[in-house]
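I opened my notebook for a first walk through this model. Here is what I looked up, in the order I looked.

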Amino acid sequence: MIEKMKMIYVVSSLSRKEAMLEELRNLGILHLAEKKSASRETTERFAALSKTTMALADYKPKKGSGAAILSDEEFEKTYAEVLSCLERKAALNQEKGAAASEIDRIKAWGDFSPEECRALREEGYDFHFYRMTKKDYQAAVDDEYVKLIRLAPVEKMETIAVLGKLPSVINGTEFFLPEKSLSALREEVAACDAGIAECEEKLKEAAMYVDSFQQQMLKAQNEEIYSSAKATADGDEDLVWISGYIPEDGIEAFKAAATANQWAWGIDDVPEDDDQTPTKVHYNKVSRLIKPVFDILGILPGYHEQDISLWFFLFFTLFFAMIIGDGGYGLLILIGTIVMTVKMKKVNNALFLLYVLSIATIIWGAVTGTWFGMEKAMEVPFLKALVIPGFANYPEYFNVTATAQQNNIMKFSFTIGAIQMALGSLLAIKKKLGQKDLSWVADLGWVIAIISMYLLSLYLVIGDPIPIVPVFGGVAVAFFLVVFFGGMSPHRSFQQGIIAGCKDAFTVFLNTISCFGNVMSYIRLFAVGMAGLAISQSFNGIAAGFHGPLMVIGIAVVIIGHALNIVMCFLSVVVHGVRLNVLEFSGQVGLEWTGVQYEPFKLNDKIQN
């Protein structure tokens, strides 16, 4: 359920601005209608702390350090040391990189003294060094004007020292003298390594206080949020005011705070056209399990939209089970979830969801007789007794033809799709009836269209003996209802609604065709599930070909193959299972997921993303 919001306006004296903001933050229910940027200092402080804490994470001990939380004064001292270490380490790495690059450039020339070469130049011997092919070397030797000394070859090329520069007609790659010798550069790299090691030791010591860094990050973020609210509060020479949204169940708490602090205030209903009203979803014990999926996808219904979290959860669970499709995979997911529960020593919403999804997958695998894609599982009486014959993936064990089994699964997929889409239209009708919006008749038309398209799918794909004339009659009735009532709204007269609907007749025609495609799209539940089964069977078949000592390879093929299949199945859940809920179902409800997250102005107890 989406909680109702009220628009709140708060006014206080300018001298009590800080006190007003402090009390509103302590109240923790006001979502600011407008948020201006925080001060540069608070933003930079939080960003710097975040970057530093992330860098320290690489040095954090595996087990808890048990180090006490530092006081603000102690922390600032440690923080300064960490910044200095990180800065020094970065400089040393850069210096080391430059020295290593120079070593790579000159090491083939051996260890020599650049100072002696420069001393010769100062005495008037302007030596230059070149690498060249044997042909070019011979040309240099034959040139009477070139004064050269042959040196040891470098990387299988001739090298020479030339008094002056080579003539342009002779090709050669000049070697430029380094600032330091090879041995000096190696000493420099060693010194850098020692300095970096020293920095890392200090960073490891500082990482023991990572909890203090987290605490200071939280403090900096709260200061940043407060700074934003302070900049948002507007005023004049005498008064200061701020506005925002609060849930209806927080009205009494706000009034009590306003009375205690002597604020002037006003409360108003949220305008229908306000698209910035935040959404606060109140989940029940069941629907809250789908919240981790919403958080991962980053979706939230708009304030004026409907909360379909419960239906989303129920259908998503079914889609997940059908797409994963294998009871053995469900067992692996269940075991993994149990291990995570033991490790974390608590069960959160995400783990609860995994329990439900894994159990649903096991049930679906049981009724279809699918256990790691192994046909021999049907030779186990207990597993065979769990199977619904019409859904069996090995139908020959139940005297069912493969065609009949596939038709049953496809029919089930179409039926689930028709139910979900029709439910979406019914939810839209329920909402519009409460708003006295006559366009609910158009949604009724969509229900008729969905049922008609469902029957047409069964007729065309499965070959069910369905009278086709009534089906097209249903489509015609649905088209009429959608065209003539689709433009209705509480703000239009009946005649204006008819005209608006007729203008969109061609769009309705296209949407009707799209409706057929949407119903047909649920066949993916059958297709993806069968694809997963085929892949697991293929890997089992490959592994069965290895005998004797080669069985080790067969075992590896089975493990790797099924692991890859599970990963692909999870990707299919995201691509197909989520899509059917977020697009097809949500589209029928009229849900666009345009929600603004409810983020009350408060003192947070954990870092917000």
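I began with Cys515, which counts as buried at 1% relative accessibility; buried means under 20% relative accessible area, exposed over 50% and partly exposed in between, with a 1.4 Å probe and protein chains only. This is a predicted model, in which local features need pLDDT of at least 70 and side-chain atom pairs count only at pLDDT 80 or more, while totals for chains, interfaces and linings use all residues. Residues are numbered from 1 along each chain as its sequence is written, and side-chain values use heavy atoms, with hydrogens and water left out.

Next I checked Cys85, which is buried too, with a relative accessible area of 8%. Its sulfur is 4.7 Å from the closest cysteine sulfur, that of Cys199, which is too far for a bond. My search of the whole structure for disulfides (cysteine sulfur atoms within 2.5 Å) gave zero.

**Helix α1**

I then turned to α1, residues 17-27. Helices (H or I, at least four residues) and strands (E, at least two) are DSSP runs, numbered from the N terminus. Which residues of α1 are buried? They are Lys17, Met20, Leu21, Leu24 and Arg25. They cover an arc of only 130° around the axis, so they are on the same side of α1; the arc is that of the directions from the helix axis to the C-beta atoms. Their cover includes β1 (5-13), α7 (210-232) and β8 (239-247), with contact meaning heavy atoms within 4.5 Å. After α1 comes Gly28, with a positive phi near 70°.

**Aromatic rings**

I found 24 aromatic pairs in the whole structure. Rings of Phe, Tyr and Trp (its six-membered ring) pair if their centres lie within 6.5 Å; planes under 30 degrees apart are stacked, over 60 edge-to-face, and the rest tilted. Phe75 and Phe213 have ring centres 4.8 Å apart and planes at 70°, so this pair is edge-to-face. Phe75 lies in α3 (residues 72-106) and Phe213 in α7, so the pair ties together parts 138 residues apart in sequence. Both are buried. I also noted one aromatic cluster formed by Phe294, Phe312, Phe316, Phe320, Phe570 and Trp593.

**Nonpolar cores**

The largest nonpolar core has 94 residues, and Met20, Phe316 and Trp593 are among those with the most contacts inside it. Such a core is a set of buried Ala, Val, Leu, Ile, Met, Phe, Trp, Tyr and Cys residues joined through side-chain atoms within 4.5 Å. Helix α10 (residues 309-324) gives the most to this core, with 10 residues.
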